[in-house]
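This report sets out the computed features of one protein model. The account begins with salt bridges and then turns to helices, backbone geometry and overall dimensions.

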Amino acid sequence: MKYDVAIIGGGPAGYTAAERAAHYGLSAILFEKNVLGGVCLNEGCVPTKTLLYSAKIYDQLKQAAKYAVKAENPSFDLPKMIARKNKVVKKLTAGIRMKMTEGGVTVVNGEAQIEKYAAGEAIRIACNGEAYEAAHLLLCTGSETVIPPIPGLMETDFWTSREALQSKELPSSLVIIGGGVIGMEFASFYNSLGVKVHVVEMLDKILGPMDRELSDLLQNEYTKKGVQFYLGYKVVAVKGNTVTLEKNGETVDLETEKVLVSVGRKPVLEAYGLNVLQVEKDRNGLLVNSFMQTSKSNVYACGDVTGYSLLAHTAVSEAEVAIDHIAGKTDRRMSYKAIPGVVYTNPEIAGVGKTEEELQAEGIPYQVKKLPMVFSGRFVAENEMGNGVCKLILSEDNKVIGAHLLGNPASELIVIAGIAIEKGMTAEELSSFVYPHPTVGEIIKETLV
């Protein structure tokens with residue numbers, strides 16, 4: 001059983017690589033030990049957004065009077081929300097499997113093990129008692145939840161995102177350890193459903209590397225909604241229903257029914273024979289070049305396993321670059337200049353390119369163009385009393401180098417700025433396009449005027 005390409009891991013990087021390889025006429029085999037779609041489709045991106053949309057609809061019903069609509073005593077059914085989420089996931093995983101079948105990709109459900117690697121020879125992989133050989137290998141093994149060494153945590157029935165996405169019962173209160181993207185999205189969901197939410201973050205701001213000004217504004221929005229934030233605090237112990245925090249020598253005890261751990265993720269580098277390859281590592285992931293090759297030229301790594309950008313859309317792009325290089329189709333190299341980051345809270349926040357904080361740290365001159373979202377007629381019509389900001393960052397020669405949006409639908413608009421950044425457009429070029437009216441997207445043009 002010999003193949004042109006073997007792929008370990010069936011998440012966004014893996015299934016994209018398999019589909020693209022088949023498109024180019026390469027024989028491909030894809031190994032996945034769990035379910036196709038990886039963490040993103042089964043335990044992350046898609047299920048969280050499905051639940052968040054239900055919560056958003058519920059929020060809108062509670063605020064219907066603002067729009068002259070009567071919706072008395074709105075309620076929700078959490079088990080049915082979970083059931084709908086599972087239905088969406090099942091439908092999308094079935095779609096991926098169908099694509100693999102139509103493309104002639106061999107899919108093996110099992111835990112692959114790299115058995116042999118030698119320069120100039122086929123790479124040998126074993127799975128379920130069978131041996132396979134491939135000329136090229138793609139490592140798309142993804143990432144796993146980081147569980148911090150907090151005293152008492154392992155003796156507690158805590159949640160990670162996996163358990164939080166399956167629970168059909170609401171806790172009365174929830175302490176979220178970690179105020180990053182995952183933490184804030186769950187804070188948004190549970191706050192909308194009436195849970196008392198506490199967010200604990202070691203940094204002095206939520207959402208880590210995202211624009212500070214907009215992160216602070218989003219925090220203010222959720223503070224008004226009742227979420228309590230503990231910034232600059234470290235969790236020093238978890239005992240029963242008590243979470244103990246420490247800051248500057250002072251301790252605070254939080255009583256909670258449930259604890260959700262969301263401090264980040266780390267690349268999966270164990271359990272599939274990576275040591276056989278002897279590839280170089282970089283920081284906490286695998287070292288790759290701009291074609292996604294590791295230190296072994298016929299071994300590629302894509303997605304979270306590189307430890308660089310733990311985002312599904314980055315993984316997809318990296319997989320495309322890798323397969324294109326294997327197929328000899330283009331000289332396309334991976335670019336990280338314009339990787340969008342989105343937080344699907346309500347309101348949404350999104351950013352791409354440089355932040356002010358990054359530019360200040362690097363000593364690079366820049367200029368800011370900023371406008372409230374209420375300068376968009378469509379935004380005003382659809383967001384009664386809603387706030388938001390469009391911030392565009394320009395270089396000295398007037399090129400767009402950063403964009404940060406707070407307000408719905410930031411997730412859909414950020415790609416416009418991302419294209420401009422990737423293509424090196426000036427403010428004049430970006431504003432010269434015809435934007436449909438009325439749309440929230442017009443705010444980009446208005447901000448540049």
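Glu-19 has a relative accessible area of 32% and is therefore partly exposed, where buried means under 20% relative accessible area, exposed over 50%, and partly exposed in between (1.4 Å probe, protein chains only). Its salt-bridge partner is Lys-99, with 3.8 Å from N to O; a salt bridge is a side-chain nitrogen of Lys or Arg within 4 Å of a carboxyl oxygen of Asp or Glu. Because Glu-19 belongs to helix α1 and Lys-99 to helix α4, the pair ties together parts that are 80 residues apart in sequence. Helices (H or I, at least four residues) and strands (E, at least two) are DSSP runs, numbered from the N terminus. Lys-99 is likewise partly exposed, at 41% relative accessibility.

The model is a predicted one, in which local features need pLDDT of at least 70 and side-chain atom pairs count only at pLDDT 80 or more, while totals for chains, interfaces and linings use all residues. Residues are numbered from 1 along each chain as its sequence is written, and side-chain values use heavy atoms, with hydrogens and water left out.

The structure holds 18 salt bridges. Three of them are listed below with the closest N to O distance.

| Salt bridge | N to O distance | Relative accessibility |
|---|---|---|
| Glu-19 and Lys-99 | 3.8 Å | Glu-19 32%, Lys-99 41% |
| Lys-258 and Asp-157 | 3.2 Å | Lys-258 15%, Asp-157 58% |
| Glu-382 and Arg-378 | 2.4 Å | Glu-382 43%, Arg-378 33% |

Lys-258 forms its salt bridge with Asp-157. This pair links distant parts of the chain, 101 residues apart: Lys-258 is in strand β14 (residues 258-261), and Asp-157 is in the loop between β7 (143-145) and α5 (161-164). Lys-258 counts as buried, whereas Asp-157 is exposed.

Glu-382 and Arg-378, by contrast, both lie in helix α11 (residues 377-382), 4 residues apart, about one turn of the helix. An α-helix has 3.6 residues a turn, so residues three or four places apart point the same way. Glu-382 is partly exposed, and Arg-378 is partly exposed. Elsewhere, salt bridges that share partners join Asp-211, Glu-213, Glu-356, Lys-370 and Lys-391 into one network.

Helix α4, which carries Lys-99, comprises 26 residues (78-103). The buried residues of α4 are Leu-78, Met-81, Ile-82, Lys-85, Val-89, Thr-93, Ile-96 and Met-100. They pack against α1 (12-23), β2 (28-32), α2 (38-43), α3, β3 (106-109) and α6 (181-192), contact meaning heavy atoms within 4.5 Å. Just after α4, Gly-104 adopts a positive phi of about 80 degrees.

Most residues other than glycine have a negative phi, and most peptide bonds are trans. Leu-207, in the loop between β9 (196-201) and α7 (212-224), has a positive phi near 65 degrees and counts as buried at 3% relative accessibility. Asn-398 has a positive phi near 70 degrees; this residue lies in the loop between β22 (389-394) and β23 (400-406) and is buried, with a relative accessible area of 17%.

The peptide bond from Asn-346 to Pro-347 is cis, with omega near 15 degrees, and Pro-347 falls in the loop between β19 (341-343) and β20 (349-353). A cis bond also joins His-437 and Pro-438, with omega about 0 degrees; Pro-438 is in the loop between α13 (427-431) and α14 (442-448).

For the chain as a whole, there are 14 helices and 23 strands. The radius of gyration is 23 Å, close to the 22 Å that the globule rule gives for 449 residues, so the chain is as compact as a globular protein of that length. The radius is taken over C-alpha atoms, and the rule is 2.2 Å times the number of residues to the power 0.38. The C-alpha atoms fill a box of roughly 65 × 60 × 45 Å along the principal axes. Of the 449 residues, 51% count as buried.

Notes:
Expected span 1.5 Å × (residues − 1).
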